[in-house]
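Work through the exercises below with the model open. Try each task before reading its solution.

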Amino acid sequence: QVQLVESGGGLVQAGGSLKLSCAASGSIFSIKAMGWYRQAPGKQRELVAAISRGGTTKYADSVKGRFTISRDNAKNTVYLQMNSLKPEDTAVYYCAANKYPRLLGPYDYWGQGTQVTVSS
(Lines give C-alpha, C1' and ligand atoms only; values in the text may rest on other atoms or scores of the structure.)
Protein backbone atom coordinates (compact mmCIF):
# COMPACT_ATOMS: atom_id res chain seq x y z
CA GLN A 1 0.00 0.00 0.00
CA VAL A 2 1.09 3.54 -0.80
CA GLN A 3 -0.25 6.73 0.74
CA LEU A 4 0.17 10.11 -0.94
CA VAL A 5 -0.36 13.49 0.73
CA GLU A 6 -0.31 16.72 -1.28
CA SER A 7 0.44 20.17 0.07
CA GLY A 8 1.21 23.66 -1.23
CA GLY A 9 -2.04 24.61 -2.90
CA GLY A 10 -3.67 27.96 -2.37
CA LEU A 11 -4.82 31.22 -3.91
CA VAL A 12 -2.50 33.15 -6.20
CA GLN A 13 -2.84 35.98 -8.70
CA ALA A 14 -2.36 35.41 -12.41
CA GLY A 15 1.32 35.42 -13.26
CA GLY A 16 2.30 34.16 -9.84
CA SER A 17 3.86 30.90 -8.72
CA LEU A 18 3.14 27.97 -6.43
CA LYS A 19 5.06 24.83 -5.59
CA LEU A 20 3.13 21.67 -4.81
CA SER A 21 4.63 18.81 -2.83
CA CYS A 22 3.55 15.20 -2.51
CA ALA A 23 4.97 12.98 0.20
CA ALA A 24 4.68 9.23 -0.28
CA SER A 25 4.67 6.64 2.47
CA GLY A 26 4.04 2.93 2.79
CA SER A 27 5.44 0.53 0.19
CA ILE A 28 7.70 3.14 -1.38
CA PHE A 29 9.84 0.51 -3.08
CA SER A 30 6.91 -0.33 -5.35
CA ILE A 31 6.63 3.18 -6.86
CA LYS A 32 7.93 3.73 -10.36
CA ALA A 33 6.31 6.64 -12.21
CA MET A 34 4.76 9.59 -10.39
CA GLY A 35 2.60 12.35 -11.75
CA TRP A 36 0.26 15.25 -11.16
CA TYR A 37 -3.31 15.37 -12.42
CA ARG A 38 -5.79 18.20 -12.18
CA GLN A 39 -9.55 18.48 -12.42
CA ALA A 40 -11.51 21.69 -12.84
CA PRO A 41 -15.26 21.90 -12.16
CA GLY A 42 -17.23 20.38 -15.01
CA LYS A 43 -14.12 19.07 -16.74
CA GLN A 44 -12.40 15.71 -16.99
CA ARG A 45 -9.34 14.92 -14.94
CA GLU A 46 -6.20 15.45 -17.01
CA LEU A 47 -2.56 14.51 -16.61
CA VAL A 48 -0.47 17.63 -16.09
CA ALA A 49 3.01 16.18 -15.67
CA ALA A 50 4.74 12.89 -14.95
CA ILE A 51 8.23 11.74 -14.04
CA SER A 52 10.09 8.43 -13.95
CA ARG A 53 12.45 7.29 -11.22
CA GLY A 54 15.30 8.21 -13.55
CA GLY A 55 14.01 11.72 -14.21
CA THR A 56 12.33 11.38 -17.60
CA THR A 57 9.41 13.83 -17.76
CA LYS A 58 6.21 14.37 -19.71
CA TYR A 59 4.04 17.49 -19.71
CA ALA A 60 0.66 18.48 -21.01
CA ASP A 61 0.96 20.98 -23.85
CA SER A 62 -0.94 23.56 -21.81
CA VAL A 63 1.75 23.73 -19.11
CA LYS A 64 4.97 23.23 -21.07
CA GLY A 65 7.47 25.95 -20.29
CA ARG A 66 5.57 27.01 -17.16
CA PHE A 67 5.46 23.94 -14.90
CA THR A 68 8.34 21.74 -13.80
CA ILE A 69 7.99 18.34 -12.17
CA SER A 70 10.79 16.90 -10.06
CA ARG A 71 11.27 14.17 -7.50
CA ASP A 72 13.59 13.28 -4.68
CA ASN A 73 13.67 9.50 -4.45
CA ALA A 74 15.56 9.59 -1.15
CA LYS A 75 12.80 11.73 0.40
CA ASN A 76 9.99 9.85 -1.36
CA THR A 77 8.63 13.18 -2.54
CA VAL A 78 7.52 14.62 -5.87
CA TYR A 79 7.13 18.34 -6.60
CA LEU A 80 5.36 20.51 -9.12
CA GLN A 81 6.76 24.01 -9.58
CA MET A 82 4.06 26.13 -11.19
CA ASN A 83 5.10 29.46 -12.71
CA SER A 84 3.28 32.06 -14.81
CA LEU A 85 -0.03 30.77 -13.52
CA LYS A 86 -3.19 31.48 -15.48
CA PRO A 87 -6.84 31.48 -14.36
CA GLU A 88 -7.40 28.37 -16.48
CA ASP A 89 -4.93 26.53 -14.23
CA THR A 90 -7.50 26.69 -11.44
CA ALA A 91 -8.32 23.12 -10.40
CA VAL A 92 -7.89 20.50 -7.74
CA TYR A 93 -4.45 19.00 -8.23
CA TYR A 94 -3.89 15.33 -7.42
CA CYS A 95 -0.65 13.50 -6.89
CA ALA A 96 -0.48 10.01 -8.39
CA ALA A 97 1.95 7.11 -8.20
CA ASN A 98 2.31 4.09 -10.43
CA LYS A 99 3.79 0.69 -9.65
CA TYR A 100 4.66 0.49 -13.35
CA PRO A 101 6.96 2.83 -15.29
CA ARG A 102 4.13 4.10 -17.50
CA LEU A 103 4.25 7.88 -17.32
CA LEU A 104 0.89 8.33 -19.05
CA GLY A 105 -0.96 5.98 -16.73
CA PRO A 106 -3.09 4.37 -15.59
CA TYR A 107 -1.96 5.19 -12.09
CA ASP A 108 -2.44 2.98 -9.06
CA TYR A 109 -2.31 5.33 -6.08
CA TRP A 110 -3.82 8.76 -5.51
CA GLY A 111 -3.58 11.60 -3.05
CA GLN A 112 -6.56 13.49 -1.65
CA GLY A 113 -6.02 16.57 -3.81
CA THR A 114 -5.08 20.17 -3.12
CA GLN A 115 -6.95 23.22 -4.43
CA VAL A 116 -5.14 25.71 -6.65
CA THR A 117 -7.03 28.90 -7.45
CA VAL A 118 -5.62 31.53 -9.80
CA SER A 119 -7.35 34.90 -9.78
CA SER A 120 -7.37 37.33 -12.69
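## Exercises on an aromatic cluster and its strand

Both Tyr37 and Tyr107 are buried. The model is predicted.

**Exercise 1. Classify the ring pair formed by Tyr37 and Tyr107.**

Step 1. A search of the whole structure finds two aromatic pairs. Start with Tyr37 and Tyr107: their ring centres lie 5.7 Å apart. The cut-off for a pair is 6.5 Å.

Step 2. Check the angle. The ring planes of Tyr37 and Tyr107 meet at 85 degrees, so this pair is edge-to-face. The limit for that class is over 60 degrees.

Step 3. Place the residues. Tyr37 belongs to strand 4 (residues 34-39), while Tyr107 sits in the loop between strand 9 (91-97) and strand 10 (109-110), so the contact ties together parts 70 residues apart in sequence.

**Exercise 2. Classify the pair formed by Tyr37 and Trp110, and state what it connects.**

Step 1. The ring centres of Tyr37 and Trp110 are 4.8 Å apart and the planes are at 55 degrees, so the pair is tilted. Stacked would need under 30 degrees, edge-to-face over 60.

Step 2. Tyr37 is in strand 4 and Trp110 in strand 10, so this pair ties together parts that are 73 residues apart in sequence.

Step 3. Tyr37, Tyr107 and Trp110 make up one aromatic cluster.

**Exercise 3. Decide whether Tyr37 and Trp110 are buried or partly exposed.**

Step 1. Tyr37 has a relative accessible area of 10% and is buried. The cut-off is under 20%.

Step 2. Trp110 has 34% relative accessibility and counts as partly exposed.

Step 3. Look over the face of the Trp110 ring. Arg45 lies there, at 4.9 Å from the ring centre. Elsewhere, Lys19 lies over the face of Tyr79, at 4.8 Å from that ring's centre.

Technical notes:
Residues are numbered from 1 along each chain as its sequence is written. This is a predicted model: local features need pLDDT of at least 70, side-chain atom pairs count only at pLDDT 80 or more; totals for chains, interfaces and linings use all residues. Side-chain values use heavy atoms; hydrogens and water are left out. Rings of Phe, Tyr and Trp (its six-membered ring) pair if their centres lie within 6.5 Å; planes under 30 degrees apart count as stacked, over 60 as edge-to-face and the rest as tilted. Helices (H or I, at least four residues) and strands (E, at least two) are DSSP runs, numbered from the N terminus. Buried means under 20% relative accessible area, exposed over 50%, partly exposed in between (1.4 Å probe, protein chains only). A charge sits over a ring if NZ of Lys or CZ of Arg is within 6 Å of the ring centre and within 35 degrees of the ring normal.
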